[in-house]
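This report describes the overall build of one protein and then turns to selected residues. The sequence and the structure are shown first.

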Amino acid sequence: MSRTVTLILLDAAGRPLGALPSFDVPEPWWQEVASIVAEVRRRHGLAVAVLRLLDADRPAPPGGHVRYLAQTADAPAVPLEPVAVDLAPHPLRQPWAQAGGPDRSVGWATGELRRLGRRVTAVAQQRTWNLSAIWRLDTDAGPAWLKQLPPFARHEPTVLAFPGDPSSLVNGPMVLAADGEGRMLLADVPGHDRYGAGEGERAAIAAGHHAVQLRACGVVGELVAAGVPDLRGTGLADWIRERLAGHDVSAAAGLLDGLDHRLQQVRDCGLPDTLVHGDLHPGNVRGDGRRRVVIDWADSFVGHPAFDILRLTEDVDADAAARLTGAWTRRWRTDVPGSDPHRAVDLLQPVAPLRLAAVYAMFLAAIEPGEHPYHVHDVPAALARAAATP
């Protein structure tokens, strides 16, 4: 599946210029923009920064014909099609999605790298959507990565740079700089994202993550005080209900009605609260055969450790999931004698997709309507999964 792209261009002052001729790119995922930027440079000799999604001919990704707003400081040589575009400001628009936003962010990162004694030789925009904007910055000392986050995810650099033993609490990318307003500069992590990892590699990921969660058990108070979301115990029920208010939750009404009691039963299983990654799938693990690093801690929170093993095993067959979960329960039973991790996992099976439904609802509440197609179908889909889970 590919994607057809139309770019509506703004000039350096943010004034509309018109639309470039449409073209295709191989990646179907709407937030991926590296190939868009490269293709515009190849076809037209233009340097562009993609600002945000405008609309698409499909109700949700991937694929289809997608229109984006972009900005250029160059003078296009190709004729542009006149097109009407709404440039009115929106209170939920992210800084990087506004005219001049990418230049301001890259300027900040370039300055931070200069302060660290590194000279930037090339910049390549990688991704832009309501959850993050990402650029690769090549330097004379190797690559670095600029990531910019919305307000509900700005605790990620706090987690990555949180003190621990031997050098940090989590096994994540090194934070080179952060501005406290959503921008962070990360050291490069060699290797590839581990999408499609098999059972053996997932077992290794789970074992390594267990060590992180065991360390984090002793600092949950400090993590919460530093701004990491607190979803401990029955407080999670209130958090879920608050975010799902206004959504049709009838599919999971029974689960919601009994949620406080269920979460109290989970607490009775005796496992400690800890740092939860929140989206621990193999695509959020990067490795090169020698080192394995867990990336993208933007969804992290303080809560029950079982949420991560449930996410790690949700797309494998039942036998593999049982083996991975069994190893997880044995580790926790050894480290927390008298606990019942197996029962905790069983009780949280339907709560995991219910929590995800609330996360998607939080995204929708915090982003401008033009970007709702990224998530609008996720809430009912996650609620349906929760209702269908025994």
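The protein has 13 helices and 15 strands, where helices (H or I, at least four residues) and strands (E, at least two) are DSSP runs numbered from the N terminus. Its radius of gyration is 22 Å, close to the 21 Å that the globule rule gives for 390 residues, so the protein is as compact as a globular protein of that length. The radius is taken over C-alpha atoms, and the rule is 2.2 Å times the number of residues to the power 0.38.

This is a predicted model, in which local features need pLDDT of at least 70 and side-chain atom pairs count only at pLDDT 80 or more, while totals for chains, interfaces and linings use all residues. Residues are numbered from 1 along each chain as its sequence is written, and side-chain values use heavy atoms, with hydrogens and water left out.

**Overall dimensions and surface**

The C-alpha trace spans about 70 × 50 × 35 Å along the principal axes of the protein. Of the 390 residues, 49% are buried; buried means under 20% relative accessible area, exposed over 50%, and partly exposed in between (1.4 Å probe, protein chains only). The accessible surface comes to about 16900 Å², and carbon and sulfur atoms hold 52% of this area. Such areas come from the Shrake-Rupley method with a 1.4 Å probe, and for residues only the protein chains shown count as cover.

Among contacts with a separation of 6 or more, 68% are made by residues 24 or more positions apart, a contact being heavy atoms within 4.5 Å.

There are 39 positive and 46 negative side chains, and the centres of the two sets lie 4 Å apart. Lys and Arg count as positive and Asp and Glu as negative, without His and the chain ends; each charge is placed at NZ of Lys, CZ of Arg, CG of Asp or CD of Glu.

**Nonpolar cores**

A nonpolar core is a set of buried Ala, Val, Leu, Ile, Met, Phe, Trp, Tyr and Cys residues joined through side-chain atoms within 4.5 Å. The largest has 89 residues, of which L7, I36, I240, L244, L275 and L354 touch the most other members. Helix α12 (residues 351-365) gives the most to this core, with eleven residues. Apart from it lies another core, of 14 residues, among them A144, L176, A177 and L185.

**Selected residues**

The table lists contacts, not counting residues up to four places away in sequence.

| Residue | Residues touched (heavy atoms within 4.5 Å) |
|---|---|
| I36 | R3, V5, L7, F23, V25, V50 and Y68 |
| A109 | L137, L146 and L185 |
| V316 | R202, A321 and L324 |

A109 belongs to helix α2 (residues 101-115) and counts as buried, at 0% relative accessibility. A109 and D179 are 70 residues apart in sequence and 9.7 Å apart in space, C-alpha to C-alpha.

V316 is found in the loop between α9 (306-312) and α10 (318-335) and is partly exposed, at 23% relative accessibility.

Two loops carry backbone features. P61 and P62 are joined by a cis peptide bond with omega about 10°, and P62 lies in the loop between β4 (48-56) and β5 (64-72). In the loop between β14 (292-294) and β15 (301-303) lies D296, whose phi is near 60°, a positive value in a residue other than glycine. D296 is partly exposed, with a relative accessible area of 24%.
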